[in-house]
Amino acid sequence: IIYSPDYNITFMGLEKLHPFDAGKWGKVINFLKEEKLIADDLIVQAREATDEDLLVAHTRRYLNKLKWSFVVATITEIPPVAFLPNFVVQRKVLKPLRTQTGGTIMAGKLAVDRGWAINVGGGFHHCSSDKGGGFCAYADITLAIKFLFERVQGVSKATIIDLDAHQGNGHERDFMDDHRVYIMDAYNRYIYPGDGFAKRAIKRKVELEWGTEDTEYLQKVHTHVEGALNELKPDIIVYNAGTDILDGDPLGGLAISPQGIVKRDEVVFKAARSRRIPILMVTPGGDQKRTERIVADSIPDLPNLGLIDKELATSGAGNPKVEQMIRDSAKDLTNLSLQ
């Protein structure tokens, strides 16, 4: 499980001006620790992605735009950010997002090495190489996949399973003409971003109606996840496990119960496990205070059901091979240069 305390955005209460809970990642980890489901020495410390890393997916022009506070204010949908000095914005807003992005890149390598990895953060699926939006400033999904294609032997095909309530237009634009990447996207058809051009990249499109509930939703997820993985067996699955599908979410517009979200994660991990495909899970979205509880419930549920190796979930600290692998992953991130 990949995490860093640097994930959380807290600065003078500005984070409360957006319905998204910008401190949810720490709450997830705290829930897991309180119930003794994870200890500090079992968490892989995420490292901040550098400019060199980010240039693997992003244009220099786009990264330069982030040096303007009003651009970041537009992307994060927090207007007062526009009036802050950019060095403050870089440290208090963008550094947490860069660290989560680094976590997703590291999680990709760990997933290939160990069969699965969960980044308690990331999933910035509205950001593409040259444009951010919807609280997404960096294209971590694109970066993780490009990193794996270029640097990890044996990874040449990827499937993105995007189950956030919103269409994942960022990675769709980035992989529009890349036949190595298969995209399945299930989303509320009536909400942001409504990106018709990006939809052309979706190989398996599942457009949902307002107020879709558990039974219909889980049936569609099961059918289309199985169908996607039967159509193309990838070398890695990137699973965007958004919790904004929860009933009552002010932006998602769907009506899935907490139990339905946990069951959804089971469906995806079971499909990956049965085919022996490594899976990287990121945990975006969720504009209600109770979503962190749901993520915390889902994570221990997976090893309990045998969908990820329990031994790998509860051991590894002190194992020289594991520790070396983690150090190698961190070094890969630090030394990443694919251009």
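Modeller: Buried means under 20% relative accessible area, exposed means over 50%, and partly exposed lies in between, with a 1.4 Å probe and protein chains only. Helices (H or I, at least four residues) and strands (E, at least two) are DSSP runs, numbered from the N terminus. In β3, W116 and I118 point one way and A117 and N119 the other way, and all are buried. This is a predicted model, in which local features need pLDDT of at least 70 and side-chain atom pairs count only at pLDDT 80 or more, while totals for chains, interfaces and linings use all residues. Residues are numbered from 1 along each chain as its sequence is written, and side-chain values use heavy atoms, with hydrogens and water left out.

Biologist: What makes β3 and β8 paired strands?

Modeller: Two strands pair if DSSP finds at least two bridges between them. Four bridges join β3 to β8 (residues 279–282), and the two strands run parallel; they therefore meet the requirement of at least two. Within this pairing, W116 stands opposite I279.

Biologist: Why is H125 called buried?

Modeller: H125 has a relative accessible area of 3%, and the limit for buried is under 20%, so H125 counts as buried. H125 lies in the loop between β3 (116–119) and α6 (140–151).

Biologist: How do you know that the side chain of H125 makes a polar contact with the side chain of H126?

Modeller: A polar contact is a pair of N or O atoms within 3.5 Å; within protein, one must be able to donate a hydrogen and the other to accept it, and residues adjacent in sequence count only if both atoms are side-chain atoms. The contact between H125 and H126 joins their side chains at 3.3 Å, so the pair qualifies. Contact in general means heavy atoms within 4.5 Å. Not counting residues up to four places away in sequence, H125 touches residues including D162, D164, H166 and N240.

Biologist: What makes a set of residues a nonpolar core?

Modeller: A nonpolar core is a set of buried Ala, Val, Leu, Ile, Met, Phe, Trp, Tyr and Cys residues joined through side-chain atoms within 4.5 Å. Of the 109 residues in the largest nonpolar core, L66, I145, L163, Y239 and F269 touch the most other members. Helix α5 (residues 86–114) gives the most to this core, with 10 residues.

Biologist: Why is the pair of Y3 and Y7 called edge-to-face?

Modeller: Rings of Phe, Tyr and Trp (its six-membered ring) pair if their centres lie within 6.5 Å; planes under 30 degrees apart count as stacked, over 60 as edge-to-face and the rest as tilted. A search of the whole structure finds four aromatic pairs. One of them joins Y3 and Y7, at 5.3 Å centre to centre with 75 degrees between the planes, so this pair is edge-to-face. Y3 is buried at 8% relative accessible area, and Y7 is buried at 0%.
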